[in-house]
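Please keep the structure on the screen while I go through them.

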Amino acid sequence: MPATTIDDILLQLEVIIADSVKTNDRLGYFAALYYKVTASVKEGIAKGRFENGPRIEQLDVIFASRYLDALKVWKARQPPTSSWRVAFESARNSSLLVLQQLLLGINAHINLDLGIAAVEAAGGHLEDIHNDFDSINTIISSLTYQVLNDIDRVSPLLSLLGLHATNQTSILIQFSIDNARDGAWCFAEDLAAKKGDDYNTCIAQRDRTVSQLANGLVKTSGFMRFTVWLIHLFEWKSASKIIRVLHEAVKKKIIIGDK
């Protein structure tokens, strides 16, 4: 059944996470991270942090459904958007870092899906949701420390990426969630002005650009490539254990159906 509430989304994410733990599937990394985000948005609505709670729930459902639908299409061996195809294909690559796997999902979902979801939820009045859109940014930012803590547990040498802090050629280092969300809003503004074929063409062009960014997250070279190899050498190898670390703390905190 299509999701209509945030609780529906959380339940579907729980199924993906449980299946991924059972099958030791790295696709569960992003699902576990996304559960954190969705649960925090739900908590924000309950605490009145948004101007329009029902509308932000609608946005969240539309947004999350794009990821869930892309995953269903992929599992049915049909082609999703190019952005999601790179992310899902990369989950089969055991040589990628947990961080790379997560950023690939974030890249597809924020850089492509979020702008589309914002336009659909706004119903022709995009500026009306701008403040609530920014409020979600605040929620995401507040989760950053917790998520990095979780990743540090399973990837103890991850801080070595700091050696490349001045490397302006690596998307892996430069990638910023805040910048991605700012870019998503600019994309939404551009998309909202399009109609018919122009609307679909705008999405297709954006998808191509985002999939190119995804390839930059996967491919490293030179000393960066060696650093990623070294970090991966000491990273946990069990996808099931990693998913549990990414998910268990928030699972205990958020109870589905709580009002």
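Angles under 35 degrees count as roughly parallel, over 145 as roughly antiparallel, 65 to 115 as roughly perpendicular, and the rest as oblique. This is a predicted model, in which local features need pLDDT of at least 70, side-chain atom pairs count only at pLDDT 80 or more, and totals for chains, interfaces and linings use all residues. Residues are numbered from 1 along each chain as its sequence is written, and side-chain values use heavy atoms, with hydrogens and water left out.

First, the helices, which are DSSP runs of H or I with at least four residues, numbered from the N terminus. The axes of H8 (residues 177-192) and H9 (residues 196-218) come within 10 Å and cross at roughly 155 degrees. Axes here are lines fitted to C-alpha atoms over the stretch in contact, and angles run from 0 to 180 degrees between N-to-C directions. H8 and H9 are therefore roughly antiparallel.

Now the rings. Phe, Tyr and Trp rings (six-membered ring for Trp) pair if their centres lie within 6.5 Å; planes under 30 degrees apart are stacked, over 60 edge-to-face, the rest tilted. The count comes to 11 aromatic pairs. Phe30 and Tyr34 are stacked, 5.6 Å centre to centre with 20 degrees between the planes. Both lie in helix H2 (residues 28-46), four residues apart. Tyr34 also pairs edge-to-face with Phe63, at 6.1 Å and 85 degrees. Phe63 is in helix H3 (residues 53-75), so this pair ties together parts 29 residues apart in sequence.

Key: Helix = DSSP H or I, 4+ residues; strand = E, 2+ residues; numbered from the N terminus.
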